[in-house]
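Welcome! Have a look at the sequence and the model below, and then let's walk through them together.

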Amino acid sequence: MARSLCKWKKKDIEKGVHELAHIVDKPRFICKDCARAAHAKGFLCKAVKLPLN
Ligand SMILES: [Zn+2]
């Protein structure tokens with residue numbers, strides 16, 4: 001279920017917009033390959049922790 005956001009296609013984004021809203025809420029990690037953000041590193045291909053608090 002924890003499919004990397006980096007692999008999402010346009011169709012996935014359109015269909016999964018509610019799931020996406022949850023995944024990107026209060027992001028704690030970013031992907032250093034594609035600059036996506038997520039609250040858990042499992043959603044990103046090259047996750048790095050955001051330097052927040
Ligand atoms: Zn990525």
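## A buried serine

S4 counts as buried because its relative accessibility is 12%; buried means under 20% relative accessible area, exposed over 50%, and partly exposed in between, with a 1.4 Å probe and protein chains only. S4 sits in the segment before helix 1 (10–15). Helices (H or I, at least four residues) and strands (E, at least two) are DSSP runs, numbered from the N terminus.

Before going further, please keep in mind that this is a predicted model: local features need pLDDT of at least 70, side-chain atom pairs count only at pLDDT 80 or more, and totals for chains, interfaces and linings use all residues. Residues are numbered from 1 along each chain as its sequence is written, and side-chain values use heavy atoms, leaving out hydrogens and water.

What does S4 touch, leaving aside its neighbours within four places in sequence? The residues in contact with S4 are G42, F43, L44 and C45, where contact means heavy atoms within 4.5 Å. A polar atom of the S4 side chain also lies 3.4 Å from the backbone oxygen of F43. A polar contact is a pair of N or O atoms within 3.5 Å; within protein, one must be able to donate a hydrogen and the other to accept it, and residues adjacent in sequence count only if both atoms are side-chain atoms.

## The zinc site

Which residues hold the zinc ion? The SG atoms of C6, C31, C34 and C45 coordinate the zinc ion at 2.1 to 2.3 Å. Donors here are N, O and S atoms within 2.8 Å of the metal (3.2 Å for Na, K and Ca); water is not among the atoms, so sites may look incomplete. Along the chain, the donors follow the spacing C-x24-C-x2-C-x10-C. C31 in strand 1 (residues 29–31) and C45 in the loop between strand 2 (37–38) and strand 3 (47–49) are 14 residues apart, and this pair links distant parts of the chain.

The arrangement is tetrahedral because the 4 donor atoms around the zinc ion subtend angles of 101 to 124°. Four donors count as tetrahedral if all angles lie between 85 and 135 degrees; four count as square planar and six as octahedral if opposite donors are over 155 degrees apart and all others between 65 and 115; anything else is irregular.

C34 is partly exposed at 29%, and C45 is partly exposed at 38%.

C6 belongs to the segment before helix 1. Leaving aside neighbours within four places in sequence, C6 is in contact with C31, C34, R36, F43, L44 and C45. C6 and A35 are 29 residues apart in sequence, while their C-alpha atoms are 9.1 Å apart in space. How many disulfides does the structure hold? There are 0, a disulfide being a pair of cysteine sulfur atoms within 2.5 Å.

The open sheet has 3 strands in the order 2-1-3, with antiparallel pairing; two strands pair if DSSP finds at least two bridges between them. Strand 2 and strand 3 are the edge strands, each pairing on one side only. Strand 1 and strand 2 run antiparallel and are joined by 2 bridges. F29 has A38 in strand 2 as its bridge partner.

R36 lies in the loop between strand 1 and strand 2 and is partly exposed, with a relative accessible area of 29%. Not counting residues up to four places away in sequence, R36 touches L5, C6, W8, F29, I30, C31 and L44. The backbone oxygen of L5 is 3.3 Å from a polar atom of the R36 side chain. From R36 to K49 there are 13 residues in sequence and 12 Å in space, C-alpha to C-alpha.

## Two positive phi values

Most residues other than glycine have a negative phi. K26, which is not a glycine, has a positive phi of about 45°. K26 is found in the loop between helix 2 (17–23) and strand 1, and counts as exposed at 64% relative accessibility.

A35 also has a positive phi, near 65°, in a residue other than glycine. A35 lies in the loop between strand 1 and strand 2 and is exposed, with a relative accessible area of 66%.
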